[in-house]
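Biologist: I have a new model open and would like to learn how to read its features. Could you take me through a few, please?

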Amino acid sequence: MNSLEVQLMTDEDLIALIRENDLGAFERIYNKYWSKLYLSAYNIIRDRQVAEDVTQEVLVNLWMKRANLKLTSLNAYLYTSVRYQVFNVIRSGKVRADLFNKLEELFSNNGGEELLSEKEINRLLEQGVAELPEKCRQIFIMSRKEHLSTKEIAERLGIAPKTVENQLTVALNRLRKTLGDFVCIATIMLCGRWF
């Protein structure tokens, strides 16, 4: 199979090939997703080396587990894996102390009270999402939970990509008003459930 044929394959085709130890298919996945996954990790931890390490680990794990992969969406799997690895890095203390201290400040409920649990943050986030207008909520969930691109959402719903972008902006603004700093916490704590 030549490189052009590999480039034209869908993610599902590429996954089927890497299950059969096709290194060319893995290289295509690597080249297609590396920078996107790196940016996803970097946007949370703000440390280039750690973001690179997380991205590399996720992609290496994909190759190592290739024989047993049962995926419905490679895109969602990779982004969820990155968020999970970022969460593990934060919990293990491998990122800068100032990030961890900032997170602790955000977690504290007006200083001195106990930290909010993941369950409480999840409840607050789900409540905020439930209060969004129906179309806005649907687009937000497709973007953050299903990890669909703006273009993919627009095609599924038969609307303009700009409408999708506008609805995501509305959703995030409303959630920030409702949840304040807890939107940042939810991004890290819920790793892949919504953000």
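This is a predicted model: local features need pLDDT of at least 70, side-chain atom pairs count only at pLDDT 80 or more; totals for chains, interfaces and linings use all residues.

Biologist: Is tyrosine 38 buried or exposed?

Modeller: Tyrosine 38 has 13% relative accessibility, so it counts as buried. Tryptophan 34, at 22%, is partly exposed.

Biologist: How are the rings of tryptophan 34 and tyrosine 38 arranged?

Modeller: Ring planes under 30 degrees apart count as stacked. Here the planes are at 5 degrees and the centres 5.3 Å apart, so tryptophan 34 and tyrosine 38 form a stacked pair.

Biologist: Why might two residues of one helix point the same way?

Modeller: An α-helix has 3.6 residues a turn, so residues three or four places apart point the same way. Tryptophan 34 and tyrosine 38 are four residues apart in helix 3, which means about one helical turn separates them.

Biologist: How many aromatic pairs does the structure hold?

Modeller: There are four aromatic pairs. One of them joins phenylalanine 26 and tryptophan 63: their centres are 5.2 Å apart and their planes at 50 degrees, so this pair is tilted. Phenylalanine 26 belongs to helix 3 and tryptophan 63 to helix 4, so the pair ties together parts 37 residues apart in sequence.

Biologist: What lies over the face of tryptophan 63?

Modeller: Arginine 66 does, at 3.9 Å from the ring centre. Tryptophan 63 is also in a cluster with Phe26 and Tyr30, linked by ring pairs.

Methods:
Residues are numbered from 1 along each chain as its sequence is written. Side-chain values use heavy atoms; hydrogens and water are left out. Rings of Phe, Tyr and Trp (its six-membered ring) pair if their centres lie within 6.5 Å; planes under 30 degrees apart count as stacked, over 60 as edge-to-face and the rest as tilted. Helices (H or I, at least four residues) and strands (E, at least two) are DSSP runs, numbered from the N terminus. Buried means under 20% relative accessible area, exposed over 50%, partly exposed in between (1.4 Å probe, protein chains only). A charge sits over a ring if NZ of Lys or CZ of Arg is within 6 Å of the ring centre and within 35 degrees of the ring normal.
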